[in-house]
Amino acid sequence: MIFEQSKPLTGEVTVPGDKSISHRGIMLGAIAKGTTSITNFLKGADCLSTIACFRKMGIEIEEKGKEILVHGKGLHGLQAPDGILDAGNSGTTTRLISGILAGQNFSCELTGDASIQKRPMKRIITPLSLMGANIESIRGNDCAPLRIHGTSLKGIHYDSPVASAQVKSCILFAGMYADQKTSVTEPYLSRNHSELMLGSFGADIHTEGNTSVISPEPLLYGQEVAVPGDISSAAYFIAAALLIPSSELLIRNVGINPTRDGILRVCHKMGASIELLNKRIQCGEPVADLLVKHSPLKGTVIEGAIIPTLIDELPVIAVMAACAEGKTIIRDAQELKVKESNRLEILVHHLTAMGCDVTGTEDGMIIRGGRPLKGAVLESHLDHRIAMSFAVAGLVAEGETEILNADCVNISYPDFYRDLLQR
């Protein structure tokens with residue numbers, strides 16, 4: 001894809017459904033009794049991998065107009081899959097489904113693409129093993145492919161070394177199959193979509209501070225899940241509208257869950273004009289329309305407890321920081337090294353290639369903003385967040401920006417380029 005400086009962004013856009021909530025709707029719908037209806041489901045490659053895995057375990061999932069219908073078979077209704085489960089590029093699928101598989105009465109293998117086979121799985125292998133799970137990395141490198149022999153589990157308390165919703169959700173899902181309560185404490189609170197959805201499906205779950213506790217053997221019942229727009233997808237439009245002069249853009253139906261809204265808080269600290277309109281609660285999740293107007297931005301410090309609330313948005317925040325006046329410091333973001341790519345390393349490389357004054361650190365970067373960005377030829381590294389972030393950079397840079405292997409956006413937002421360029 002090739003990008004040049006853009007005219008102002010105006011009008012309105014509706015971004016696809018939230019990826020995290022779409023995944024969880026399929027998973028909980030599959031192990032609930034009755035039918036779960038999911039609207040505004042994200043039909044990106046990652047969520048389709050989750051559907052494929054549960055179909056292989058005997059769950060009927062149908063597409064009916066704008067609805068996805070999941071015909072659940074209850075907590076113990078899954079069947080041994082007819083072949084290896086393939087999570088594709090999806091870390092969420094891999095880690096969350098492992099918690100469910102650990103408590104089944106069958107064995108299976110779980111794998112994914114080349115990227116998934118490099119991502120760290122010890123972070124789930126360790127707590128699941130403490131619960132009595134029989135889970136192993138087939139190649140012995142603490143990565144997928146994984147072999148999981150379902151067995152009886154015991155409830156534990158786990159102090160997670162990382163603030164990761166994937167790790168937390170994996171343990172909570174396994175906790176449904178345990179012999180007593182299971183709890184997880186995080187260093188900072190990560191996104192809480194699993195806790196909210198488990199509660200709505202009927203699980204006995206509660207959160208106190210950074211600790212979530214679930215009781216075993218819940219009776220889950222199918223629900224109607226209306227998925228809000230994904231704030232991670234909205235982030236690119238927020239950034240573009242803030243950076244491109246004279247822009248004024250309304251982004252409709254965006255999830256603003258406080259465990260995910262860190263980008264809004266950072267934008268306000270940077271001087272952004274973002275109004276939250278029509279605030280409401282939708283299936284337990286807070287939602288609003290965002291009115292974003294071009295704003296001169298200033299540098300800031302991003303660190304600590306806010307990091308888990310904007311971890312996926314840090315690449316596009318780095319682009320915003322490059323265009324802002326003054327210095328932005330990002331700390332405590334070492335998690336970016338183990339995403340679909342080493343995002344810290346790539347961000348420093350790509351921003352430097354575009355003329356930004358940026359220095360990488362062990363857990364983040366220092367960006368000295370204010371220099372005009374210049375077009376460059378950039379590799380996506382098959383990472384959707386990198387491709388979309390630098391598409392935004394290309395709209396404000398002088399000259400032409402070319403992004404190679406740009407179709408990786410299909411992971412989370414298949415129509416991204418169309419929606420961005422038709423504004």
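# Cavity, cores and a strand group

The largest cavity in this structure has a volume of about 40 Å³. The model is a predicted one, and a search of the whole structure finds 1 cavity of 30 Å³ or more. Which residues line the largest cavity? The lining is formed by D18, I21, H193, P228, I231, G255, I256, N257, R260 and E285. Sorted by class, this lining has 4 nonpolar, 3 polar and 3 charged residues.

Attention now turns to the nonpolar cores. The largest nonpolar core has 79 residues, and I238, I251, L314, I367, F390 and F416 are those with the most contacts inside it. Helix α7 (residues 231-243) supplies the largest share of this core, 11 residues. Apart from this core lies another, of 64 residues, including A30, F41, M57 and Y177.

When neighbours within four places in sequence are left aside, F390 is in contact with V319, L347, H350, L351, M354, L378, T401 and I403.

The last topic is strand β9 (residues 146-149). Which residues form its covered face, and which its uncovered one? L146 and I148 belong to the covered face, whereas R147 and H149 belong to the uncovered face. The table lists the pairings of this strand.

| Strand joined to β9 | Bridges | Direction | Residue and its partner in β9 |
|---|---|---|---|
| β7 (residues 107-111) | 4 bridges | antiparallel | C108 with I148 |

Key: Residues numbered from 1 in each chain as written. Predicted model: local features only at pLDDT ≥ 70, side-chain atom pairs only at ≥ 80, totals over all residues. Heavy atoms only, no water. 1 Å grid on protein atoms, 1.4 Å probe; cavity = no way out; pocket = protein on both sides within 12 Å on 5 of 7 lines; lining within 4 Å. Points joined across faces, edges and corners; volume = space filled by probe spheres on them. Nonpolar A, V, L, I, M, F, W, Y, C, P; charged D, E, K, R; others polar. Core = buried A, V, L, I, M, F, W, Y, C linked by side-chain atoms within 4.5 Å. Buried < 20%, exposed > 50% of the residue type's maximum accessible area, 1.4 Å probe, protein only. Helix = DSSP H or I, 4+ residues; strand = E, 2+ residues; numbered from the N terminus. Contact = heavy atoms within 4.5 Å. Pairing = 2+ DSSP bridges.
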